[in-house]
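Have the structure open and try each task before reading on.

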Amino acid sequence: MVSGSTAGIGYAIARTLAQEGASVIVNGRSQAGVDEAVDRIRSETGGAVQGFAGDLSQAEAAQEVVRRHPGISILVNNLGIFEPKAFEDIPDEDWLRFSTLMS
């Protein structure tokens with residue numbers, strides 16, 4: 001799964017993963033944007049691509065994507081901002097703050 005993958009760097013990552021044979025879930029906030037990106041990646045790569053429209057800065061959307069796609073093995077988090085600290089040192093409150101700032 002590549003969050004924020006309907007355009008830009010996220011799109012390029014999703015496209016490359018699909019081209020390399022990975023099953024990819026494209027994410028964006030609008031269904032139209034997700035559908036367009038999924039169609040483009042499929043036509044460009046012939047890869048296995050699905051979409052999920054939802055604002056992953058919201059807990060409900062994050063829970064829904066996991067419910068719909070329980071076998072996600074890899075997450076490329078292309079959303080939000082960050083602070084320079086080790087991944088394991090980032091508490092949930094910071095993740096929520098980072099994603100809310102980008103909403």
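**Exercise 1.** Find what joins the side chains of Arg15 and Glu44 in this predicted model.

*Solution.* A salt bridge needs a side-chain nitrogen of Lys or Arg within 4 Å of a carboxyl oxygen of Asp or Glu, so the pair qualifies.

**Exercise 2.** Work out how α1 and α2 are arranged, and which residues meet.

*Solution.* Helix α1 covers residues 8-19 and helix α2 residues 31-45; their axes come within 9 Å and cross at roughly 40 degrees. That angle makes α1 oblique to α2. The crossing is right-handed. Now list the contacts: Tyr11, Ala14, Arg15, Ala18 and Gln19 of α1 meet Ala37, Arg40, Ile41, Glu44 and Thr45 of α2. Sorted by type, these residues are five nonpolar, two polar and three charged.

**Exercise 3.** Trace the salt bridges that Glu64 forms with Arg67 and Arg68.

*Solution.* Take Arg67 to begin with: its salt bridge with Glu64 has an N to O distance of 2.6 Å. Both residues sit in helix α3 (residues 59-68), three residues apart, about one turn. Then Arg68: its closest N and O atoms with Glu64 are 2.8 Å apart, and these two residues are four apart in α3. Put together, Glu64, Arg67 and Arg68 form a salt-bridge network. Arg67 is exposed at 58% relative accessibility, whereas Glu64, at 22%, is partly exposed.

How values were computed
Residues numbered from 1 in each chain as written. Predicted model: local features only at pLDDT ≥ 70, side-chain atom pairs only at ≥ 80, totals over all residues. Heavy atoms only, no water. Axes fitted to C-alpha atoms, helices over the stretch in contact; angles between N-to-C directions. Parallel < 35°, antiparallel > 145°, perpendicular 65-115°, else oblique. Left-handed = near helix turned anticlockwise from the far one by under 90°. Contact = heavy atoms within 4.5 Å. Nonpolar A, V, L, I, M, F, W, Y, C, P; charged D, E, K, R; others polar. Buried < 20%, exposed > 50% of the residue type's maximum accessible area, 1.4 Å probe, protein only.
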